[in-house]
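These are my notebook entries on a structure that I consulted for a reader new to it. I set down what I looked up, entry by entry.

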Amino acid sequence: MLKIHLPSNWISCLLSVTVLCAMACDHNGASKSQRVVSIETMNTVFETVRTPHKYGIVLAPPDSTKMVDSPTIFRVDNTWYMTYIVFDGKGYETWLAESADLLHWDTKGRILSFTDTTWDASQKAGYVSLIDIEWGGTYQPRQQNGRYWLSYLGGSSQGYEAGQLGIGLASTEDITEPLEWTRNPTPILSASDADARWYDNLTIYKSLIIEDTEGVTGHPYLMYYNAKGREKDANGEGFESIAMAVSDDLENWKRYGEQPLITMHQGICGDAQITKINDLYVMFYFGAFWRPGAFERFACSYDLIHWTPWEGEDLIAPSEPYDKQFAHKPWVIKWNDVVYHFYNAVGDQGRVIVLATSKDLRTDTTLEP
């Protein structure tokens, strides 16, 4: 009779193998440990990213007829850059600013301008793609095929986010100069697409394209976007949710899944930004109108697909005259041991871009850019 000699700790070994196999499952068979982030970890993230010190306005519109919005921050060589959008009553155009210290910003010029007869004639709100998402990393955008890329909210109707909007794609060889970017002739994602879902079959708003460098989704490029479908909430109002699309080449995209990633089924969940802290992905986003006002939130994920929303206090909430109405649309980075949380504020100064930090930079003069 054959005798099998097992190690004394064979049960522990078996359990370890079982856990490792479960953790290796793809998203269709993902274990609960992959999908749900513990409250202890969520608390740690909150303490890591919180910015209780409001520095104030860092970019204001040139005059009272305009509004600025939606900062995207990146770094090239030793200079910081911000793309942002300007609304002038007709629609959105995208502009570029630069800074040496993340605090003082100088406008350089436009990179996406109004056109006459194109599908995106009156709306071109751009967001730079493929930026390094590592927490405290380089924040350098990566080139693909020798060019830098951005996605943008586009549409032909005039007014504030008017008409049926879609997502366009544009590229350039020089991301640091105020040169007009080259746009694809048609949208890469639209509410009228054949595969539009219940949550995005009315209009699509802001987008963010990142790389899945570890291949956890099976696609190299991911797009997080907020959109509104034809479904109504309990009060008969439309609502915005955050959803995901995937691509293998940047130019051809398909929706991922049948449900949005984050939704409250009322108000707005929108304007996702992704960073990676160790083995955890953190999504910054804003909420609005599922309780009063607009405010900054976050969610966490181990696989870029299943997200655990933070249920504690807001990262940013209205507290100052300049953000007393809305504090929303985040871009958060860590640099030289300081967390910088840029966001869009609406208050007594109109619609402006402001900054909150983890240290009080109004009194600390020892920091380097």
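**Entry 1. Ground rules.** I note that this is a predicted model, in which local features need pLDDT of at least 70 and side-chain atom pairs count only at pLDDT 80 or more, while totals for chains, interfaces and linings use all residues. Residues are numbered from 1 along each chain as its sequence is written, and side-chain values use heavy atoms, with hydrogens and water left out.

**Entry 2. The whole chain.** I looked up the secondary structure and found three helices and 21 strands in the protein chain. Helices (H or I, at least four residues) and strands (E, at least two) are DSSP runs, numbered from the N terminus. Of the 369 residues, 53% count as buried; buried means under 20% relative accessible area, exposed over 50%, and partly exposed in between (1.4 Å probe, protein chains only). I then turned to contacts, meaning heavy atoms within 4.5 Å. Among those in the protein chain between residues at least 6 apart in sequence, 56% join residues at least 24 apart.

**Entry 3. Nonpolar cores.** A nonpolar core is here a set of buried Ala, Val, Leu, Ile, Met, Phe, Trp, Tyr and Cys residues joined through side-chain atoms within 4.5 Å. I found 75 residues in the largest one, where Trp 105, Tyr 224, Ile 274, Phe 298, Trp 307, Tyr 340 and Phe 342 touch the most other members. Strand β16 gives the most to this core, with six residues. Apart from this core lies another of 17 residues, among them Ile 167, Ala 227, Ala 243 and Ala 245.

Leaving aside neighbours within four places in sequence, Ile 274 is in contact with Ile 133, Leu 208, Ile 210, Tyr 224, Tyr 281, Val 282, Met 283, Leu 304 and Trp 307.

**Entry 4. Ala 227.** This member of the 17-residue core is placed in strand β12 (residues 221-228). Ala 227 counts as buried because its relative accessibility is 1%. Beyond four places in sequence, I find that Ala 227 touches Tyr 199, Asp 200, Thr 203, Ile 204, Tyr 205, Phe 239, Glu 240 and Ser 241. I also looked up Ser 190: it and Ala 227 are 37 residues apart in sequence and 9.9 Å apart in space, C-alpha to C-alpha.

**Entry 5. The cavity.** On a 1 Å grid over the protein atoms alone, a cavity is a set of points where a 1.4 Å probe fits but cannot get out; a pocket is an open set with protein on both sides within 12 Å along at least five of seven lines; and lining residues have an atom within 4 Å of a point. Grid points are joined across faces, edges and corners, and a volume is the space filled by probe spheres set on the points.

By this rule I count one cavity of 30 Å³ or more. The largest cavity has a volume of about 100 Å³. Of the 15 residues that line the largest cavity, Ile 131, Asp 132, Ile 133, Ile 274 and Trp 331 are the closest to its centre. β11 (203-211), β15 (268-277) and β19 (326-335) are the elements that give two or more residues to this lining.

Entry 6. I looked up the largest pocket and read a volume of about 270 Å³. Its lining holds 21 residues, of which Tyr 160, Glu 161, Ile 268, Phe 286 and Lys 329 lie nearest its centre. The elements giving two or more residues to this lining are β11, β15, β16 (280-288) and β19, and the largest share, three residues, comes from β19.

**Entry 7. Phi angles.** Most residues other than glycine have a negative phi, and most peptide bonds are trans. Ser 70, not a glycine, has a positive phi of about 55°. Ser 70 is found in strand β2 (residues 67-76) and counts as buried because its relative accessibility is 2%. His 265 also is not a glycine and has a positive phi of about 60°. His 265 lies in the loop between β14 (253-255) and β15 and is partly exposed, with a relative accessible area of 40%.

**Entry 8. Thr 83.** Thr 83 lies in strand β3 (residues 79-87) and is buried, with a relative accessible area of 1%. Not counting residues up to four places away in sequence, Thr 83 touches Ser 70, Pro 71, Thr 72, Phe 74, Thr 94, Trp 95, Leu 96, Ile 111, Gly 126 and Val 128.
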